[in-house]
Structures are given as C-alpha cells and as structure tokens.
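Here's a quick briefing to read alongside the model. Have the viewer open and follow along.

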Amino acid sequence: MCSDSERPNMTGENAPGLRRRILTAQQNSPALGPLAQLPGHWVGKGRGWNMIALPVDAAHSGGVSGKFRILFNQFDESLSFTHELNDVPNRGAPNDQKIVGLQYIQNVTQVAAIDSMGSQISPLKAGEGIHREPGFFLNLTNEVTISANTPPMNGLPLNVARVGSIPHGDTITTLGVSIDVTNAPISLAPATIGDFSALPIGAGPRDLSNPYLAPYKQFHDTPFKGDVPSSGFPGFDPTDPLSLLTFPAAETFSKMTVLLMDTTVQGGIENLPFIVKNANATEMRFVLWVEELPGHTPDQPKLQLQYAQRVILEFFDSPEFPGRKIQWPHITINTLQLVP
C-alpha cells in the first residue's frame, strides 16, 4: 500500500525520494499520463440525464407478471479528482506492475424526475441525493495487456482503469484505453464507442413497434425535458439517449482525450445478493471525453468533461433467448466544466 504521507502542492513527478506517496492531485502531473487533465473540481448544473428500467412488484403491477417501469432523472453533479497515489506496486514475477491512481468522489443530486408509472411510485424530490461514489482512475504505467477483440479497442494496450464503489452494493472494475484526438468533434458512432442503445435486448423486436416497449415509445413521443425552460430543447429521448451530449450543436475541439472502458474486456461487477436476485448489474461501458475548447492558450485551456455510461441490468426471463434474462440498458450522461 501507499504511504499515508500528505504533500500538498506536489506535482506528482517520480523524483527520487517521492515514490509511493499520496499527493494532492495537480493538473498536468506527468505521472498521471492520460489522466493528467482530470485533477480538480468539475461541476455540471442540470445537464445530467439518467434513464433506468426497473421491475415492478405485484403491488404496483395489478398482478401482471413481467411489467416494468422507466425512471428518468435530470441531475446536478460534482466530480472531484483529489489525490494522486504515486507508483503503487502490484507484485509479480518476473516483473512488478506500477500503477498511478487518481482518487475521485462523485456526488449527484436530483433536479427533476419522471416515472412511466406516474404517481404510483414517487421519485425523489429536487435537491435530494441520488448517488455518491468514491473510487480511483488508474494509469497502468507498465505490464499492460492487449485488449480482446472488442471494437474499437482492438490491438490497443489496456492502459487505464476505473474502480468504484456504489452504495447500492456494487463494486466495479473497468479496463480500457486512452485515445488522443485533435481538431474533431466528439464521436457518438457505435463504431467509435460501442453500443449505447437504451432499448432492451431479449424482449422481442428492438424497436418501438414492439408493444411490450410502450413505456419507451411514451417518452420517445414526449421526451423528458426536466426543468429546462428553452422551447427549443428537444428533451431526453430513450431512443437517442446520447444526443444531448451534442446539443445545441456539436463543437470541434482543439484537443480531446478519450477514455474508453468496459467490464467485458477485463474486470467485472460484484453485487449484493439482493441485487443479483432482483435486477442484476452484469456489464458496464464507460466513455469519457476531456475536451479543450478552442480559442484558449495551450497553457490555460478551457476544459470540458463529458461522459456516457451504460450499465446492463438483467431481470425477467427472456422470451427471445430461452435460459437467459432480458438485458436492460441503464444510461447516464453528463457535461461538466472545470471550476477554479
């Protein structure tokens, strides 16, 4: 384990005598590698959107089996990257692996919510906490492995990871790659970031002609707008859940670092028995874009952080694939700014 020594205002460089230290995280620390622009405090006000499908119990389903509901949240978020754990050794033979960890804490609070079952189930009120997550982003500095045949990570070294603890009783470990891009908008194409469709897999046709997916059609026809006052705001549509990342228009960024991680490459999710029984979280894909906005100096760029996260929940037997469960994508997106 790392020392508990605290050295504020250190850069995190691997200078002699400063190995295996816990440092106050600083922007552009060389030891952080592709994570170097993350340190600091990021805030998103009303630009976070969450969609989750959940099984409905007998008390709310009228005795109808296989009924589900969709919950939408608009949220505020603070995401702070606070400490750098420098040169953490994983012991092995013939070589040790060296990791640099970046500690984070995520806090999410409700702005507005809507449920496909309306007043039958009361969502949280505005200002109430939705989520709090501590964890680490990891820069795997050596002894990295090559990714599996998972587009678009084919052949790239797995050089980043995220480990987190979620208060529902889940722990996650995702591994992935970092990609640097210049003079381009963020890409939401499946070939670039993988599948982010919100429609369930294994519940029959994966389109709105399937009557079982009526709650999705309900919010496709009338997207959730939360408390956004703009008449031109399109709202959060479950058939196009990432579109608000490029609203009102896709920008071209002078430089962008993309972190793409997935539990199916290597890693995984561990859950409490109650979660496994009722709505088991089995997979997670996470894409993060750190974007330098044009018109600022290289020494003092204006930074924006965007992310998209897709967790697969499994509940109800699949009518399409015998012996398997229906897979329900749980989608979360947000746009945050780095604040002084």
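Predicted model: local features only at pLDDT ≥ 70, side-chain atom pairs only at ≥ 80, totals over all residues.

Numbering starts from 1 along each chain as its sequence is written, and side-chain values use heavy atoms, with hydrogens and water left out.

**Strand 3 and its partners**
- Strand 3 (residues 40–55) runs antiparallel to strand 4 (residues 68–90), with 13 bridges joining them; strands are DSSP runs of E, at least two residues, numbered from the N terminus, and two strands pair if DSSP finds at least two bridges between them.
- Strand 12 (residues 325–339) is also antiparallel to strand 3, joined by six bridges.
- Asn50 has Asn73 as its bridge partner in strand 4 and stands opposite Thr332 in strand 12.

**Ser318**
- Ser318 sits in the loop between strand 11 (302–317) and strand 12.
- Ser318 counts as buried because its relative accessibility is 8%, and buried means under 20% relative accessible area (1.4 Å probe, protein chains only).
- The Ser318 side chain reaches the backbone nitrogen of Glu320 at 3.1 Å and that of Phe321 at 2.9 Å.
- Leaving aside neighbours within four places in sequence, Ser318 is in contact (heavy atoms within 4.5 Å) with Gly202, Arg324, Lys325 and Ile326.

**Lining of the second largest pocket**
- Strand 4 gives the largest share of this lining, four residues.
- Strand 4, strand 5 (97–115), strand 6 (129–140), strand 7 (160–166) and strand 8 (170–184) each supply at least two lining residues.

Conventions:
Buried < 20%, exposed > 50% of the residue type's maximum accessible area, 1.4 Å probe, protein only. Polar contact = N/O pair within 3.5 Å; in protein donor to acceptor, adjacent residues only side chain to side chain.
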